[in-house]
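Morning, everyone. Please bring up the model on your screens, and we'll walk through it together.

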Amino acid sequence: MATELRFPDQLSGVDGIIVTRWLVKVGDTIKPGDVLLEVATDQVDTEVPATVGGTTLKLNYSDGETLPANPVPGPVDQAGGTP
């Protein structure tokens, strides 16, 4: 079952978030809490952890891209369960 990853609440609704760098690729197995990507805003640079575990299916944004408010990093396949 595919589930969308989510950004932490403190980044929800923030405009001007820029993807600094992805730390995972499509096909990687992740678990909740793993750092997926680094982002920057005009006020803070931070890491974005996984909210669910599974296999990354797609990365919705590229390095250097400015994100919309309430971005969705991408879907994760949770088939087979997560640790």
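One definition before we start: strands here are DSSP runs of E, at least two residues long, numbered from the N terminus, while helices would be runs of H or I with at least four residues. Two strands pair if DSSP finds at least two bridges between them.

Now the ground rules. This is a predicted model, where local features need pLDDT of at least 70, side-chain atom pairs count only at pLDDT 80 or more, and totals for chains, interfaces and linings use all residues. Residues are numbered from 1 along each chain as its sequence is written, and side-chain values use heavy atoms, with hydrogens and water left out.

How many helices and strands does the protein have? Zero helices, seven strands.

Take the three-stranded sheet. This sheet is open, its order is β2-β4-β5, and the pairing is antiparallel. At the edges sit β2 (18-22) and β5 (45-49), each pairing on one side only. On average, neighbouring strands here are turned by 30° against each other, direction ignored. That angle is between axes, lines fitted to C-alpha atoms, on a scale from 0 to 180 degrees between N-to-C directions. Four bridges link β2 to β4 (residues 35-40). Look for Val19: opposite it stands Val39 in β4.

Next, the other sheet. Four strands, open again, in the order β1-β7-β6-β3, with antiparallel pairing. Its edge strands are β1 (2-4) and β3 (29-30). Inside, β6 (residues 54-56) and β7 (residues 75-77) are joined by two bridges. There, Thr55 stands opposite Asp77.

Now the core. A nonpolar core is a set of buried Ala, Val, Leu, Ile, Met, Phe, Trp, Tyr and Cys residues joined through side-chain atoms within 4.5 Å. Buried means under 20% relative accessible area, with a 1.4 Å probe and protein chains only. The largest such core has 17 residues. Which element gives the largest share? That is β4, with three residues. Val39 is among the residues with the most contacts inside the core. Contact means heavy atoms within 4.5 Å. Leaving out residues up to four places away in sequence, Val39 touches, among others, Phe7, Leu11, Val19 and Val48.

Last, the whole protein. Of its 83 residues, 35% count as buried. The C-alpha trace spans about 40 × 20 × 15 Å along its principal axes. Among contacts with a separation of 6 or more, 56% join residues 24 or more positions apart.

Thanks, that's my tour.

Note on methods: Buried < 20%, exposed > 50% of the residue type's maximum accessible area, 1.4 Å probe, protein only.
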